[in-house]
Structures are given as C-alpha cells and as structure tokens.
Amino acid sequence: MIISKWPAAAVCGLVATLAVGLFPPAAAAADEPTGKPAPKVDLVLDVSGSMRTRDIDGQSRMTAAKQAFNEVLDAVPREVELGIRTLGADYPGKDTKVGCKDTKQLYPVGPLDRTEAKTAVATLAPTGWTPIGPALLGAADDLEGDDDATRRIVLITDGEDTCAPLDPCEVAREIAAKGIHLTIDTLGLVPDDKTRRQLTCIAEATGGTFTSVQHTDELSRRVTQLVDRAADPVVTPVATEGAARCADAPRITPGLYSDREKFSEHRWYRVDVLPGQELRASVSVGADRAVNRDYGVLLRAVTVHGREIVRGSEAGDGRTDVISSGLRYPKPPVEDEDEVKPAAETVCLQVSNAFSAPASVKTTPGLPVELTVDLVDSPDEPSDLAAFGLGRGWWLLGTLALTGLVAGLLWGWLSRLRLVWRSN
C-alpha cells in the first residue's frame, strides 16, 4: 500500500505545484494595485464678461473655449483624473467683495465622465469678474491628496486679475513654497502686455509654461499637450550656465537644461558623441518681455577646432513668446571595434539669439533658454551630410569641382574630335 500511494502522492503534488505556480500569480496580478497614484489635472476657465469678445476665428472667446474643451475632454488619457473650475461664472454685479469670491468647482477632480463634463461646460456663459488669485487657491485645494501624484493646474484666461490686492503671482509663489509639486500652466486668449506679464509670472513661479493663444485649434492642441504631460511627466530642467567659448563650456549629458542668455549673446556647451551615436539637440528661447519685431535663434554644432559640423536656425518678424530650432548629427560607427576602442568626439553646441529690445525695456536678467540634448543610435548608413564631417561644405565643393573637371575634359575631348573630323 505504501508503495502504491507514493506515486499517487507525487502526481498530486506535481499538479498542486503547477496550479500554485500558474494560476495564483495571474489572479494576484489582476488584483494587485499599481502603487502609482493617478495624475491629477484641474482646468481653470475664465468665464468673465470679457469672454464675450469676438476675436478668435470670428467667434467669441467663450465659444472658442467651449469648442476646445470638447476636443480636450475627448482626448484625456484614461489614467488622468481631471476636474474643471470656473472663475467669474456667476456674479454679474459690481460688488468687489462678492465678485472676487466668484470661483467654484464645476466638475470635481476624479475619473472623467466625458458626457457629464461636456454638459457642465455647455451651460457656461460670460458673466462677471476675473478673480484669478482665489481661483488658483481653490484649484490647489481641488488637487489635495497623495503627495506623490502628478498635479497640474491649467489656467485659461483672457485678462489679468481684477481682484487686487490678492496678487495671483504671489499666490503661485506661495503654492510653490509649499513643496507639493504642483505646476501651473497658463494660457492667454489674445493677451495684452499686462496679461502676458502676469500669466508668465504665475507660470514661472511653479515651473510651468505660458502660451499665447490666437486660434481655437491652438487652444485645443496646447491644453491637450498639457494634460498628456501630466500623464507622462517631462524631466525637470537642470539649471546650467553656458560659457563664452567652447573651451570653458560645461560638459552636458542627455537631458533638459535651462539657462539665461543676454540679448544677442552666444553661449557654449559641450557634448561627447561616441561613434554609432546620433546627437539630437534643440533649443528654445523665450521672449518674456517686449522685444523688437525682428528676431532669430541659431543652434550650431562645432568641432573643438572651430569647424562647423551642422546648424539649425529660425527667424521671425512679429510678436512671439518663444522661438525654437534644432539639429541632428549622426556619427558613423567604427568598422572594427574589437581592435580600436571607440573614442568620443567632443561636440561644441553654440546657442545664439538675435533678439533686441526697445530702449525702455530692461535687458537683465537674460532671456530664458531651454536646451534639450539626446543621444540615440545612429543609422547604419547615415544620410545626413554632417555624418561625414562636411562641415561648411568642403567635401561637397570638392565633389562639384571634380565633376566640373571631368566634364571639362570630356567636353575638350569631344571638341577635339569634332575639329579633327572637320579637318578631314
């Protein structure tokens, strides 16, 4: 009996082991929480009386905002908890004390019911004041909860705060000082200079961004980007300081960097690029004050000996908030890496701006600069001319010269044959 029971017990044990090994983990994985708190976003919409103004694509600012909100709500990632807060939506009177308390939570921050949120937005009509400071305090309360969650306020307004002395810029600084990792992004609908300055100050206080909006699709696209950014946070820029020449430049690695650059200044940074890697760099220079209408930005990749490898530039004429440019430099791999250890090439990145300002505008501190650097695998056969070190085009010039020489010899030979033929 004992002999006959052992095989049966072994079989039962094997089946039990397989059952424990295969099924419970799957069930546990299904029930196991991710441990990562859901990102939270509160959209704060200005519903003050000035939103009746019809200057966005032939329609009122309120109509444009509603249309953009419908598109944004359709595109909100499933994992994002989103809410909507209004300012100036209810009180049409002239009592400052009442008008400056006119902010409420239109849709609570949480899992999104798109139909319910759209219905709530559809009921809004331009009404009252512009209490931006109180609205930001309310939005910060809306987003209270897990300190590890990504939290973002997106403020959409067409004017500056009308509820002094509560300065919304100071409110933003107080929110930042709490260390709750809450970012405020601001969007100005056809903003004037005062509104632009105030919204820029609010955004910069918490590491957010300011965007000037002139069209409905711009509003929809930008708000969607900011909501997506909450779901997939970007790297916080690392403060750095470029040098006046390449030899003194800081050596930077892939990442996001912030700096300040004086008007018409050149700043240098160094990046090491290995064979088989492609350097990708982009730079944005912000116009955080009034500037003259002609401007430009240049990003160059240069060797340590001063020979230009490749460049990217952009220029404009008119009012702008930011101008960007970028470049790519693929470095071909070493043919036999076993015998020769690949050596990195130091590439000097030069950032230059062609901004100027009216005499009445302060030029200090410098303009905000954001530099992005990345190193990826280079294509097997780089097609970019810079990959072959053309620099300013000497190889191309040589190729053209050789082609011209061959063409000239061929033409001379044909001309001689023709002369001989005529003589005979």
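**Exercise 1.** List the contacts of T130 beyond its neighbours within four places in sequence, and state whether T130 is buried or exposed.

*Solution.* Take contact as heavy atoms within 4.5 Å. Leaving aside neighbours within four places in sequence, T130 touches D46, S48, L87, T157, G159, E160, D161, T162 and C163. Helices (H or I, at least four residues) and strands (E, at least two) are DSSP runs, numbered from the N terminus. Last, T130 has a relative accessible area of 6%. Buried means under 20%, exposed over 50%, partly exposed in between (1.4 Å probe, protein chains only). T130 is therefore buried.

This is a predicted model: local features need pLDDT of at least 70, side-chain atom pairs count only at pLDDT 80 or more, and totals for chains, interfaces and linings use all residues. Residues are numbered from 1 along each chain as its sequence is written, and side-chain values use heavy atoms, without hydrogens or water.

**Exercise 2.** Find which residues of α6 are buried, and where they lie around the axis.

*Solution.* Start with helix α6, residues 168-177. Its buried residues are P168, C169, V171, A172 and I175.

Now check the ends. D167 caps the N-terminal end of α6, with a side-chain oxygen 2.9 Å from the backbone nitrogen of C169. After α6 comes G179, with a positive phi near 65°.

Methods:
Arc of directions from axis to C-beta. Polar contact = N/O pair within 3.5 Å; in protein donor to acceptor, adjacent residues only side chain to side chain.
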